[in-house]
Amino acid sequence: MKKDLVIIGGGPAGLAAAIEAKKNGIDDILILERDKRLGGILQQCIHNGFGLHIFKEQLTGPEYAQRFIDEVEKLGIEYKLDTMVLNLSENKHITALNPRDGIIEIDAKAVILAMGCRERTRGALNIPGSRPAGVFTAGAAQRFVNMEGYMVGKKVVILGSGDIGLIMARRMTLEGAEVKMVVELMPYSTGLKRNIVQCLEDFDIPLLFNHTVIKIHGRERVEGVTIAAVDENRRPIEGTEQYVECDTLLLSVGLIPENELSREANIKINFITSGAYVNELMETSVDGIFACGNVVHVHDLVDYVTEESYLAGYGAAKYIKGEYIKDETGFNTKTGFGIRYVVPNRINPKNVKDKVNFYMRVNDVYHNVDLVVRDGERIVYKARRNHVSPGEMENVKLSKEVLEKVEGSELVFALEEVAK
Amino acid sequence: MYDVAVIGAGIVGTSIARELSRYDLNVVVIEKSSDIANGSTKANSGIVHAGYDAKEGTLKAKFNVLGSEMYERICRELDVPYRRNGSLVLAFNDEDMKHIEMLYKRGLTNGVKELEVIDKNKVLSLEPNLQDNVVGALYAKTGAIVSPFELAIALAENANQNGVEFMLTTKVIKVYKEKDIFVIETNKGTVESRYLVNAAGLFADDINDMLGGEKFRIIPRRGEYCLFDKAVGGIVTRTIFQTPTNKGKGILVSPTVHGNLFVGPNAVEMDRKDDVSTTKEGLDEVLKGGSRSVKGLNARDIITSFTGIRATPDKRDFIINIPTKNAVNAAGIESPGLTASVAIAPYVVSLLEEQGLRLIKKENFIATRQNTKLFINMSEDEKREVLSKNPMYGRIICRCEHITEGDIVSAIRRPLGARSVDGVKRRVRAGMGRCQGGFCMPRVVEILARELNIPLTEVKKSDEGSFILTGKTK
């Protein structure tokens, strides 16, 4: 089979990318989705708070997804469900599998990677103790509770204050479980402030910073966990151990972009984001393979995923139509003090439509700082931030005109102390 | 009334059961756990030892070398992953080198073939990722790796094909003799048998006490392991040992037959036999120990860690004897027990025969067992054929290992098939990958419930009590 554009993943990223590519004149599009419906992980996020930026209203996850699914249907974009991509090559050959068609071989002119991310599991943390039933990632628990209608436990401890964990603290409480506490290794939450207020504080669920689970107890089913305070090097402090009785441990300890396919296609992966390096049109290091959403870097808000994916769809359309300028013009983006990463990584202003939205995360909590973008010594952008935290993604929009004026080979994003 | 009852369905019990199934006998295997290989067999190094380690003249040495030679054939007959990858015992100084020379001589005495002492350059040319301060090594080309639980499952299935009955979730409470018959009381009722084999692993001393045999104790010794992502599975291709010290064999680093890498085990004596928890200190020790041999081990690449418990006999050697008339102990089968088991089995059967058990070869003995071929391992033609017959092979359930619904269903429907999430995992690797079941576990639970026709809330991770769901939502 030959296709102009194949999009791997039918979650919010893949849907938005498909819509934008179609609107930019590409008709021969195929979305490959491994689940039984479109919408991705949004389908199990039945809480609201989605769409504040894009639609200026509060939607639930499935409602947000439905708006895009409806548009995909209206635009007549082709998709295959229950379809898993097994292999992607550098020359954009895709092997996929589903129960209806069996093995599917596709040669695509362009590919958009929109596989999203997966949760870090207990193994990755190497938490000592036994290996009983009752240890779930927050997302797996969410699927059981919201999609299947089953409870995963009665007395719950949550490790990690990522958003899914916070949301599940509230969800489990509403379903009658006792959520004993959320323990967070860091001195700050990796989740959104609004989730801490609405999901923990409103239900009097304690959030213990600088704590972690050091042991899991129970032979067949979880019977309890030992928690301890940690020092500034994140190592447990002796003497602070405390046994907490529970039958369930939920893990909300981070998300990892799912880049197994990207690696097979020899796409360069950024060690910090665990996602591909991308340019102004969200193209990866491999010609004609684009990427967007959580497969590039983990977002907190789906609205930003959508924006980024529109850009990838636009980029892939330009590429297929031969309107994409590939020359040496442009510059790299670089992180300075306080910034952990910035996306995209390279900008050629010639391809920029009207602006680029740069997404970044800080590496610690800072108060009262300036977020500064410099071209050499010259300040390109500067804005005050009263409070920044690794849990909340920052973004800076720079217009095409501004980007065209960059003279150096690097644009540096950094935090600076506010001048007195 | 059975002719022979075997207590324990680990690698020892299943090897013996399969051996007995060659003959016209009524055989039952009694296992307290809900699955085959759920004790020490599921959590060990998976090494088929060459046989230079055990002291000359011991049962360990004898059955190790015999077993090592039998392995390839048995794994081929039973369609079990086995790879003769060779092993190296590293020396880091002169003293180590002396020890290695001793092991070399011992190996020759024990009858180990293809042994060689090699110098630093040769070691590093074989394995470039070893630490530079290595000075030489003992190279055993016959060292191999196997998937221990898959072998035990295969042995059990083959025994079952040949008529051996398996009573799982059946705990032996009491054994006594009435006339010449063993009466075995269990939580599932009473079993009677003319002959009895004690292959109860960690609990073999308790069974021996029930039989009134000469006293011995099984001392549980914990070994902790870290399992690494397949991305780093190729750091070494051979199994890397360190020169043994008086504390034990040291930490080894080895690829697995499925392409992962593991590091472990340490050795800690314990007072409990059922505590399979890992400890911070143990995991640190294992990682540090592994890094003595190999460069580039990074805790970031660990996908899981686990503890196995060795059934260490207080007599130092394997205990294979007759505790009472018409019974045989096969106890204390610690390392190199996995290797030795397949050779111990015919010996145990011969001890039964000496006591009067009549062995008449079955005419219709099925010597081979075919494993479910995983979709991912099929040829293109096989894939297309299986897909045309069964669309379930077109649905990937475990994304990390690319295991399909068809694979999982077949693991459940096999003889002695999977009855739990862990059972599925050990048979077809769903949940063995880097996400450790984070994504596929809910789906495996659904498939188990559907195939076994039970409510979701009754699906278990492993044994009784390991329920996954606690009830319906409001």
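Predicted model: local features only at pLDDT ≥ 70, side-chain atom pairs only at ≥ 80, totals over all residues.
Trainee: What makes A:V179 count as buried or exposed?

Mentor: Count its C-beta neighbours. There are 25 inside 10 Å. The cut-off for buried is 20 or more. Therefore A:V179 counts as buried.

Trainee: Where does A:V179 lie?

Mentor: In strand β13 of chain A, residues 178–183.

Trainee: Which residues is A:V179 in contact with, leaving aside its neighbours within four places in sequence?

Mentor: A:V156, A:I158, A:A169, A:M172, A:T173 and A:I205. Contact requires C-beta atoms within 7 Å.

Trainee: How far apart are A:V179 and A:T248?

Mentor: In sequence, 69 residues. In space, 9.4 Å, C-alpha to C-alpha.

Trainee: Now the two chains. How many residues are in contact?

Mentor: 40 of chain A with 45 of chain B. On chain A, the elements that each supply at least two residues include β6 (84–88), β8 (102–113) and α4 (138–148). The largest share, five residues, comes from α4(A).

Trainee: How do the residues on that side of chain A divide into nonpolar, polar and charged?

Mentor: 15 are nonpolar, 11 polar and 14 charged.

Trainee: Why are β11(A) and β23(B) called paired?

Mentor: Pairing needs at least two bridges. Two bridges join β11(A) to β23 of chain B, residues 471–472. So the two strands pair. They run antiparallel.

Trainee: Which residue stands opposite A:Y150?

Mentor: B:K472, in β23(B).

Note on methods
Residues numbered from 1 in each chain as written. Chains lettered and ligands numbered in written order. Contact = placed C-beta atoms within 7 Å. Helix = DSSP H or I, 4+ residues; strand = E, 2+ residues; numbered from the N terminus. Nonpolar A, V, L, I, M, F, W, Y, C, P; charged D, E, K, R; others polar. Buried ≥ 20, exposed ≤ 12 C-beta atoms within 10 Å, placed from the backbone.
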